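Welcome! Take a look at the model below, and then we will walk through two parts of it together.

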Amino acid sequence: MKFVPSWLNRLASPQHFFIDIKPWIMWLYVLGTIGLLVGSVWGLAFVPPERYQGDSFRILYVHAPIAHLAQLIYISIAIAGVVHLVWKLKMADVYMSAAAPVGCWLTALALVSGMIWGMPTWGTAWVWDARIVSTLILFFLYFGLIVLRRVIPNPARAATALSILAIVGAINVPIIKFSVEWFNTLHQPASIELFGDVSIDRVFLVPLFINIASISVLSAGIILAYMRYLVVERNASMTWIQEWSRGKNQ
Amino acid sequence: MKSHRRRRLTIIIFLFVGSLTTVLISIFALQNYIDHFYLPDQIVNGEVPLERKIRAGGMVKPGSVIHDSTGLGVQFDITDLNDVTFRVHYEGILPPLFREGQGTIVAGTLSEDGVFSARRVFAKHDEEYVPPELKGMQEHDDP
């Protein structure tokens, strides 16, 4: 496969991944944390309140980045599922296992922050509209990915089951995305379209994009760190891991 | 790509496209059940069940909100872009974001005379985020 760059090819091997990724994680943590602090302080303290919603709109800076990333991570898990089923890459399986809990937490936080936002604006924390229900389904899909790994003792079969659930479950992501356009919902339609209008005023946008970028960077760091942990766990019998751990203990 | 990989990829694509089609057909067939509320024209054209708990939504017609002189009673009109309108009676506290010209969803029952008795009122905020100093300067501000 010539279309895969050599560094990426190298990262597909657990041993090289384990060694090469280590220095990146700290940078991702630092960059993500600083970015989140800057974006959140900017959004919470230095941006004017919204004309109707007042200060309660500021939860946008928490809710939108988290909800966006929760969907993005599910898509990435589904792609890893395809890679695992077709090319049988070990690291694709490791990625699915590492990213699922992160996505699960993000989805839970998106639901909770949405409820907190709903109380002062809509006048209710929860309604059964299409956007909210499809996001709840996303949470259960993530939960399913985590549980599936635990209940299937054979790792190879677990990985196959995970991949299939991830791929089929990915159908839910466009449903979440378009639920506010296809159906009547209490949730408002999207404010930012990739190839269209942005209906958020410019003064609100910069901290929002900082937070979207930072939460992605921070989550990438957490996922990569967890992947390294899983590599150690799954390769514990390998000589290179034992050499590494001996080297560490000296 | 080796042939066994190509075969597996084909199976996956068929699996995905097949399930996607199934799910999309199902949810569009169930559209009436997935929609969270009825629109004003459905209410006015008698497409909704009477005297049963339903939700209806639209825009609060500007200038239509009348508060009772005593108590929490309030009446207002819900309208759509084509000026199809129905009347709502409600007794209770309105959400802070409820205002004329903004979206709202009411839960309650529709009576035979076309008046909607709301048990609960929700405010539907739109996707526009505008700082207060620009209020009134933008055309979408006051529909």
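Let's begin with a pair of helices: the crossing of H4(A) and H8(A) is right-handed. Please keep in mind that this is a predicted model.

**Two helices in chain A**

- Two packed helices are described by the angle between their axes and the distance between the axes.
- Here, the axes of H4 (residues 90–121) and H8 (residues 202–234) of chain A come within 9 Å and cross at roughly 130 degrees.
- That angle is why H4(A) counts as oblique to H8(A).
- On the H4(A) side, the contact includes Val94(A), Tyr95(A) and Val102(A), and among the H8(A) residues they meet as a group are Ile222(A), Tyr226(A) and Leu230(A).
- Sorted by type, the residues of this contact between H4(A) and H8(A) are 11 nonpolar, two polar and no charged.

- S4(B) pairs with strand S3 (residues 73–79) of chain B in the antiparallel sense, over seven bridges.
- Tyr90(B) in S4(B) is the bridge partner of Val74(B).
- Five residues lie between the strands in the hairpin of S3(B) and S4(B), where Asp83(B) has a positive phi near 65 degrees.
- With strand S6 (residues 115–124) of chain B, S4(B) pairs in the parallel sense over four bridges.
- Opposite Val88(B) stands Phe116(B) in S6(B).

Key:
Residues numbered from 1 in each chain as written. Chains lettered and ligands numbered in written order. Predicted model: local features only at pLDDT ≥ 70, side-chain atom pairs only at ≥ 80, totals over all residues. Pairing = 2+ DSSP bridges. Axes fitted to C-alpha atoms, helices over the stretch in contact; angles between N-to-C directions. Parallel < 35°, antiparallel > 145°, perpendicular 65-115°, else oblique. Left-handed = near helix turned anticlockwise from the far one by under 90°. Contact = placed C-beta atoms within 7 Å. Nonpolar A, V, L, I, M, F, W, Y, C, P; charged D, E, K, R; others polar.
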